[in-house]
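Student: I have a new structure to read. Please take me through it.
Tutor: Gladly; here it is.

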Amino acid sequence: MELFWPLVTVRWLHLWSLLALFGAALFAVYGGPPPGGAEALGKIKVWLAAIALASGVGWVMLMLVDMAEEVTSLLSASSWRAFLLATGFGRVWLLRLVALGALLLWAGSRSGKPNRWHADAALSAALLVSLAWVGHAGAGEGANAFAGMFAYGCHVLAAGAWLGGLLPLSFALANARAGGDRERLCISLERFSRLGQAAVALILASGIVSAGLNMHGFADLGRTPYGRVLLGKIALFAVLIAIAAANRWIFLRRLRRQAGHGQARILAQNRAQIWAQIWALSRTVAAEHVIGLGIVALAAALSSLAPVD
Amino acid sequence: MIRQCGRAGALLAFVVLSFAGSVQAHTHLKKSSPAAGATLANAPTEIRLQFHEAIEASVSHVSVETNAGQAVATGAAASDPSDKTALVLRLAEPLKPGAYKVNWRVISADTHKIKGSFTFQVRP
């Protein structure tokens, strides 16, 4: 029974929903909720928590069928017992499923009330890092296992801080396009950009350490399916960095310069230039979203492949 | 800044991937007893599979069949309490002379499945 693609799909949904939830919550913690988007983000948060739980349940069910090679194992209490209670990854998954349920209940219970973004960020961060115990990183022993899990934890948290922050940033940009406070937009963009630079460095360093632990060397990059998917992920990441650099060093700098002239000097021509920069930023943030989804899909494929032959 | 990050990343990648030797993740069958293709003078009482890394015995499966495809009576595959990388299958009865095939399917600690088979013979 070939379950590779269904497993990649649920892994992708699970990883993406948790990354988005963590990054959006973190954005609200360090920069405040996006202007004009706090309520919408609160609703999206519930959906993301629901997707994380549903994909988590789907992931566990697919793993059970894949391991037993029988669909009927889903109806067998002894199969579930052996999977969830007698294996290391099963016990981690049991805790994760409880935490995913708690995340959804928590997110749902805050509907219509002020959001507690710290709690959302902490719970989604714990769920992201716990994936280290049910993947390649958790298979090592001793110092290798510690290094692998530490690198994985840094990698997913940095990726979440960046990719997940794109959603509230889109709300802030939409608000500015509708005539909202552009000074606040500049502050949000600068904070996000500073965090993004740190995230890039952490993603790069932790990704290299993980690759070093999982592969024999450079030769594996072109030789194995794992290496080729990793090369694709690195290529997409390079494009993402180039777009982020353009945002930081070209569009944001121009916007800052044009919006910083003071209200009295914002003439019609200047307004048009600000408008153009906001639109340019909106487009590049949307492009970052799409590329980010692609990178997460490749990460999901990597976790389903054998790093070495 | 970007250039410095790129240089540091390239240097780190070069160092880590050049010296990457002890690869973790994804186990493989290291050896077995009886060994693949072996011809034994004495019938074995158990099948022992040794992997590179820890495996999860409760969701792993090993079976033995005769040359004619008939299943041989065994207990359930269990891990060796002193060695998490070993999987042991006790045979219910000593094997009669003939050719046998061992089919195995194991789940490693990173949840991945690997499987394979090998044959051996018991001499009359």
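Student: Which residue is the bridge partner of Ser79(B) in β6(B)?
Tutor: The partner is Leu87(B). Strands are DSSP runs of E with at least two residues, and helices are runs of H or I with at least four, both numbered from the N terminus. Two strands pair if DSSP finds at least two bridges between them. Here β5(B) and β6(B) (residues 83-90) are joined by three bridges and run antiparallel.

Student: What should I know about the model and its numbering?
Tutor: This is a predicted model, in which local features need pLDDT of at least 70, side-chain atom pairs count only at pLDDT 80 or more, and totals for chains, interfaces and linings use all residues. Residues are numbered from 1 along each chain as its sequence is written, while chains are lettered from A and ligands numbered from 1 in the order in which they are written.

Student: In what order do the strands of the open sheet with β5 of chain B lie?
Tutor: The order is β1-β3-β6-β5, four strands with antiparallel pairing. At the edges are β1 (29-33) and β5 (78-80) of chain B, and each pairs on one side only. From one strand to the next, the twist averages 30°.

Student: How many helices and strands does chain B have?
Tutor: One helix and eight strands.

Student: How many helices and strands does chain A have?
Tutor: Eleven helices and zero strands. The C-alpha trace of chain A spans about 75 × 50 × 35 Å along its principal axes.

Student: What does the radius of gyration tell me about chain A?
Tutor: The radius is taken over C-alpha atoms, and the globule rule is 2.2 Å times the number of residues to the power 0.38. For 309 residues, a compact globule would have a radius near 19 Å; chain A has 21 Å, which agrees.

Student: How are two packed helices described?
Tutor: By the angle between their axes and the distance between the axes. Axes are lines fitted to C-alpha atoms, for helices over the stretch in contact, and angles run from 0 to 180 degrees between N-to-C directions. In chain A, helix α1 (residues 4-31) and helix α8 (residues 182-214) pack at about 120°, with axes 11 Å apart.

Student: Which residues of α1(A) and α8(A) meet?
Tutor: Phe27(A), Tyr30(A) and Gly31(A) come from α1(A); Ser188(A), Arg191(A), Phe192(A) and Leu195(A) come from α8(A). Residues are in contact if their C-beta atoms, placed from the backbone, lie within 7 Å.

Student: Is Ala199(A) buried or exposed?
Tutor: A residue is buried if 20 or more other C-beta atoms lie within 10 Å of its own, exposed if 12 or fewer, and partly exposed in between, with C-beta atoms placed from the backbone. Ala199(A) has 22 such neighbours, so it counts as buried. Its place is helix α8 of chain A. Beyond neighbours within four places in sequence, Ala199(A) is in contact with Ala158(A), Ala161(A) and Trp162(A).

Student: What percentage of residues counts as buried in each chain?
Tutor: In chain A, 45% of the 309 residues. In chain B, 25% of the 124 residues.

Student: Where is the cis peptide bond at Pro34(B)?
Tutor: The bond joins Ser33(B) and Pro34(B), with omega about 0°. Ser33(B) belongs to strand β1 of chain B, while Pro34(B) sits in the loop between β1 and β2. Ser33(B) is partly exposed because 15 other C-beta atoms lie within 10 Å.

Student: What is the phi of Thr111(B)?
Tutor: Phi is positive, about 75°, although Thr111(B) is not a glycine. Thr111(B) lies in the loop between β7 and β8 (113-122) of chain B. With 27 other C-beta atoms within 10 Å, Thr111(B) is buried.

Student: Which value does phi take in Glu69(A)?
Tutor: Phi is near 60°, again positive in a residue other than glycine. Glu69(A) is in the loop between α2 (38-68) and α3 (77-85) of chain A. Glu69(A) counts as partly exposed, with 13 C-beta neighbours inside 10 Å.

Notes: Two residues are in contact if their C-beta atoms, placed from the backbone, lie within 7 Å.
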